[in-house]
Amino acid sequence: MADNNPVVIIGLGRFGTSLALELTRRGTEVLAIDNRPKVTQSLAGRITQIATADATDMEALRQLGVPDFYQAVVGVGSDIEASILTTSLLVELEINDIWAKAISTQHGRILSRIGAHHVVFPEHDMGERVAHLVSGRMLDYMQVDEDFALAKTTPPKEYVGVPLGRSNLRRKYGVTIVAVKAPGEEFTYATAETELSYGDVVLVSGRTEQVERFAELP
């Protein structure tokens, strides 16, 4: 999402609420909409603007000024019919940048077909991330693209004390160490002269399978 563009967020479940609060914290103007009064009342004062309304009603969206927003996020998940209808109304209102949450591949395909510009799978993505953290030596993991990942991990022992420029790391494993953090220090960019030590934390990037293989090295 573009920085500081006002954003309308429809559906204040866990995903929509956390997104609305984080964007508000970053200084982005947010209009949050949910059809449950208890939910909107509990968030009053914590989000720029909040409204109780039925987002499947075109007239309600117009009255709230939704057509004036450049970006919109549909956080409705469990009610697939409402998710699809709300997204289609935003398309009809010609919102430039529509993000929609999907709870299944089929749901995501429908959202894309009716005009959502970005479809996100927060439950799936979080499950995938946690699986990587639980199953290996990774400290953090992010899938950057369909087959490209960035991981935070500790250096394998075969690369400790060897300058990266002489390590043949990229040729052997197909990954690049982007940055290194020594204990008690901040991350610094890795160079050909960088030597890794036990206790360091590294950021490594590459094809998903290669990053996973590197993170499993002893």
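## Contacts of S83

Contact means heavy atoms within 4.5 Å. By that rule S83 touches V74, V76, K101, H107 and L111, leaving aside residues up to four places away in sequence. S83 sits in helix α4, residues 80-92. Helices are DSSP runs of H or I with at least four residues, strands are E runs of at least two, and both are numbered from the N terminus. S83 counts as buried because its relative accessibility is 0%; buried means under 20% relative accessible area (1.4 Å probe, protein chains only).

## Basis

This is a predicted model: local features need pLDDT of at least 70, side-chain atom pairs count only at pLDDT 80 or more, and totals for chains, interfaces and linings use all residues. Residues are numbered from 1 along each chain as its sequence is written, and side-chain values use heavy atoms, with hydrogens and water left out.

## The sheet

Six strands form an open sheet in the order β3-β2-β1-β4-β5-β6, with parallel pairing. Two strands pair if DSSP finds at least two bridges between them. The edges are β3 (49-52) and β6 (118-120), each pairing on one side only.

Strands β1 (residues 7-10) and β4 (residues 71-74) run parallel and are joined by 4 bridges. I9 stands opposite V73 in β4.

## Helix α1

Helix α1 (residues 14-25) lies across β1, β2 (30-34), β4, β5 (97-101) and β6. Its angle to β1 is about 160°. Axes are lines fitted to C-alpha atoms, for helices over the stretch in contact, and angles run from 0 to 180 degrees between N-to-C directions.

Terms used:
Buried means under 20% relative accessible area, exposed over 50%, partly exposed in between (1.4 Å probe, protein chains only).
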